[in-house]
Amino acid sequence: MRWDPARYAAFSDERSRPFHDLVAQIGREAPRRVVDLGCGPGALTATLSERWPSARVVGMDSSADMLAQAEPLTHRHPGLSFERRAIEDWAPTPEDDVVVTNAALQWVPTHTELLPGWLAAMPSGSWFAMQVPGNFDSPSHALMRAVAAEGPWASTLEGVLRADPVLDPAGYLELFEDNGFAATAWETIYAQLLPGEDPVLEWVRGTGLRPVLAALDTADPSGATTAAFEAEYAERLRHAYPAGPHGTVFPFRRVFAVAHRR
Ligand SMILES: C[S@@+](CC[C@H](N)C(=O)[O-])C[C@H]1O[C@@H](n2cnc3c(N)ncnc32)[C@H](O)[C@@H]1O
């Protein structure tokens, strides 16, 4: 399942704000190594190099398309590098003083099982900062599941949309504290004002709808089934998120946790 960096970048202001809100809570000075898991196109990872110029900053991602965008940034940031790797295959090194992961662990359903092992391997004084969307029950995602289950594409899409792998803030707080980290966790609902026609559809095309689009395009390469799905879904989204005089308000809940090893 491919990522499209250009489509992902369409709402870069809205998508980058939670990253900045997240890393603002990291209290570490002069880390040796900083890892950004699921770094995407890398522009946000580069800001970590600007914050900690003496650190080696490594962005990791499984998408070759995303990393192709990221790679040129290394010319401007001497400590910055990128690696192609699945988060599931990563383990911290003894120098990983800061780990950041923004809007990526929701794609790793096993992340709550992996976290205790990661945390156990991190050095003392290290920090782990994560943000995941908490929008599984929002109309955008509930309608996606409803349209997927109801249309002629139902059998193609069976099992394509995952169960919610994300905890509430209290769940992450306990997970970090259970594993020897002092944690803070919170949630924020961003009232995002999106321009243009069908902007919520355009938003999810860049992220949560991708597995559906990939399955439909594979089953019907003509694109007709994909177009029919999107038309039905867009119609329902327009009712759930009506366009107003200033644009379309798309509330988006995000869950944050930032913790440091005692
Ligand atoms: C929504 S983007 C977030 C990108 C970036 N962190 C940001 O905040 O803009 C999710 C990223 O996670 C990556 N990703 C998803 N599943 C992954 C996995 N299992 N291993 C590594 N990267 C993964 C995708 O390739 C994509 O670049």
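Student: How many of the six residues of strand β2 (residues 56–61) are buried?

Tutor: A word on the model comes before the answer. This is a predicted model, in which local features need pLDDT of at least 70 and side-chain atom pairs count only at pLDDT 80 or more, whereas totals for chains, interfaces and linings use all residues. Residues are numbered from 1 along each chain as its sequence is written, and side-chain values use heavy atoms, with hydrogens and water left out.

In strand β2, five of the six residues are buried, so the strand is largely enclosed by the rest of the structure. Here buried means under 20% relative accessible area, exposed means over 50%, and partly exposed lies in between (1.4 Å probe, protein chains only). Strands (E, at least two residues) and helices (H or I, at least four) are DSSP runs, numbered from the N terminus.

Strand β2 has a partner: strand β1 (residues 33–37) pairs with β2 in the parallel sense over five bridges. Two strands count as paired if DSSP finds at least two bridges between them. Within this pair, R33 stands opposite R56 in β2.

A30 counts as exposed, at 52% relative accessibility. Its phi is near 45°, a positive value in a residue other than glycine. Most residues other than glycine have a negative phi. D198 likewise is not a glycine and has a positive phi, of about 50°. D198 is located in the loop between β6 (181–194) and α9, and with a relative accessible area of 25% it is partly exposed.

Buried residues also occur in the helices. F229, in helix α11 (residues 224–240), is buried, with a relative accessible area of 0%. Apart from neighbours within four places in sequence, F229 is in contact with several residues, among them A148, W153, V212 and L216; contact means heavy atoms within 4.5 Å. Although F229 and A148 are 81 residues apart in sequence, their C-alpha atoms are 7.9 Å apart in space. V212 and L216 are also among the buried residues of helix α10 (residues 210–219). The cover over the buried residues of α10 includes α7 (154–157), α9 (199–205) and α11. H141, found in helix α6 (residues 139–150), is buried too, at a relative accessible area of 15%. Leaving out residues up to four places away in sequence, H141 touches N135, F136 and V204.

What does the whole chain look like? The protein chain has 11 helices and eight strands. Its radius of gyration is 19 Å, close to the 18 Å that the globule rule gives for 262 residues, so the chain is as compact as a globular protein of that length. That radius is taken over C-alpha atoms, and the globule rule is 2.2 Å times the number of residues to the power 0.38. Along its principal axes, the C-alpha trace spans about 55 × 40 × 40 Å. Of the 262 residues, 48% count as buried. Among contacts between residues at least 6 apart in sequence, 77% join residues at least 24 apart.
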